[in-house]
Amino acid sequence: MIHFGREVTGNLETVLHREWLVTNGIGGYAMGAVGGARTRRYHSLLTASLQPPTRRTVMVGSLDAWVEINGRRSPLVTHEWAAGVVLPDGYRHLESFTLDGLIPTFVWTLGDVRLVQRIWMAHGQNTTYITYTYTRGTSNIRLLLKPLCTYRDHHKVTKGGFRIDVNAVTSPWPDGRALAVQVYPERAHGPAQPFRILTNQGSFEPETEWWWSFHLAREEERGLGDQEDLFAAGTVVADVRPGDTLALALTAAATDPAPWQDAYEAERQREKRLIARADAADAPDWIQQLVLAADQFIVTRDIEGETGTSILAGYPWFSDWGRDAMIALPGLTLVTGRYEDGARILRTFARYVDRGMLPNRFPDAGDAPEYNTVDAALWYFLAIYAYYQACGQSHPLIRELYPAMLDILDWYTKGTRFNIHQDPDDGLLHAGEAGTQLTWMDVKIDDWVVTPRVGKPVEINALWYNAMRITAEIASALGNDADAARFTQEADRVYASFNDRFWYSGGYLYDVVDSPEGDDPTLRPNQIFAVSLPFPLLESEHARAVVSICARELVTSYGLRSLPPDENDYVGHYGGDRVQRDVSYHQGTVWGWLLGPFASAHYRAFGDARAAFSYLEPLADHLADHGLGSISEIFDADPAHTPNGCTAQAWSVGETLRAWHALRPLLQPDSPGHLNGCA
């Protein structure tokens, strides 16, 4: 549970920096700043996923909420109309905020009146619930709630004036009211998918109008469009007595939503099952919170009419990316005891293996996948191996996926897209050609590749080596002795070549060898994978040297820098317009997901589990900042390492959970070695 009171809520800048997120398991979400003002185009109370997990569409952007006590109206909402122009300033009445499991809970107080507001989504449905419970007070009050609506792709902003029809319809709730909202967006062929706004009491007053020019401060910081218009679709007016709850349901579902009491209880019970499934009852509170956060990234994906499972890379703007999904899978699914989800994700991506490659990403518009990554397919082996270790060699999934593993290795050996191929001279993997960027350091601005890594990148060859060792072990377990011998021999050759080619006289590993400009000795965190992966490539002395120099130059409280501070290209702060941000993305910016591999490498090099775990512990404090209850994508390279990028990132959460779980038996000898068993 994350909680803070007026020491935080009374500061506007602070409560606009902290953001909450709720999700529905199919790609839809609601999110906002604790202070109430919408600072991002992604802030909304209902962003529906119309083609799970994509075609995410903002339908209800905000709720203009007021309370009337003895004839005096006070705001429970904050709007910003221009930089620094805040009206009304309802955040002043916010006494406390609690992230109760996954449910954002706001306590509003005005004199003796105390209102508790909660927000959550129905799992598997494009439905958001918002409740106001009158828990303390001596007089009746009136609540006035005005839904502010739109209809747009969640990456865009609304410029108002298009047609919106609002009509009263029958409500499924006893004594309730409902409005049906039908939008006719500009440049659309016919009407959009309708949605409804339901309330369990009160009445709707049909005051419909456009509200113009909301200011989106975080979009302004990012050099993007920072003005948006929203449509007020009437006003809910309800007289509320002490003990009453006024509930709204915002839904794009064709079926009627469950009563709010049932929906709330269902969500609380679901969260309890998530903790129980992970055997995390004795885990630190912040680890339990991450178990819940893991659930937000696991989503349904439609596959040619069938239902599959995938992982969204991050909220609010990423869809499902192959690399991110495979890195995050062990922590998000196996550590949390969600073996069936892990199996479905592995099967989903097996469907998309093409010329030995996994998709880099699925575009949010739901179009065909893009194949422009060298490492997604290699991380796939690590995800399969994690499942193999958790579920045993006899699990049928391992035999089912084995042909895909062979197909990937065959294509990578003989060559596939983007000049990805095994060098026949040394067995190492080469990737890339002029104008491409295939590794996780993948920024490309027009024709400019910011961190060109054409050649033989260090982490790609660590993954390549592990892919062959993993395949050899699984081949042996399946009785395929010829394959086992072949890949063992190839792995031995890669091991020898790696140690011969990658060790730099400065006491660490080259970042890339055989690049067009020669071998690259830039100190980067990518070398940590030569120590952290299941099959390490470095002996003890060299392993300790790599971990030590990364600890001195790259490690921060929340992740590893992508470049040390003494490099000429180092950028200490991530910010500015798209070009400025992309330039700094891998030139110093701290990446949270790298802390998990570093902790694993530290333990392997030095054998001190508590020291290794200490590198993860600062993340416990981070959960109360930026994306509440989750781990951000990136952080400033300079102290105090301000969080930035996505407020909730799958591989940041997944790698933290994976590293914690690996260290857990050493920190807690009585902890379970395996969780609940595989399906």
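Visitor: At what angle do helix α6 and α8 pack, and how far apart are their axes?

Guide: Please keep in mind that this is a predicted model. Helix α6, residues 322-334, packs with α8 at an angle of about 15°, and their axes are 7 Å apart.

Visitor: How should I describe the direction of α6 and α8 relative to each other?

Guide: Angles under 35 degrees count as roughly parallel, and α6 and α8 are therefore described in that way. Their crossing is left-handed, and the contact involves residues including Met326, Ile327 and Leu329 of α6 together with Trp379, Tyr380 and Ala383 of α8.

Visitor: Which residues touch the most other members of the largest nonpolar core?

Guide: The largest one here has 213 residues, among which Met326, Leu346 and Tyr412 touch the most other members. Helix α8, residues 376-391, gives the largest share of this core, with 14 residues. A second, separate core has twelve residues, including Trp120 and Trp173.

Visitor: Why is helix α10 described as largely enclosed?

Guide: Buried means under 20% relative accessible area. In α10, 17 of the 20 residues are buried, so the helix is largely enclosed by the rest of the structure. Helix α10 covers residues 458-477 and reaches 29 Å from its first C-alpha to its last, close to the 28 Å expected. Just after α10, Gly479 takes a positive phi of about 85°.

Conventions. Residues numbered from 1 in each chain as written. Predicted model: local features only at pLDDT ≥ 70, side-chain atom pairs only at ≥ 80, totals over all residues. Heavy atoms only, no water. Helix = DSSP H or I, 4+ residues; strand = E, 2+ residues; numbered from the N terminus. Expected span 1.5 Å × (residues − 1). Buried < 20%, exposed > 50% of the residue type's maximum accessible area, 1.4 Å probe, protein only. Core = buried A, V, L, I, M, F, W, Y, C linked by side-chain atoms within 4.5 Å. Axes fitted to C-alpha atoms, helices over the stretch in contact; angles between N-to-C directions. Parallel < 35°, antiparallel > 145°, perpendicular 65-115°, else oblique. Left-handed = near helix turned anticlockwise from the far one by under 90°. Contact = heavy atoms within 4.5 Å.
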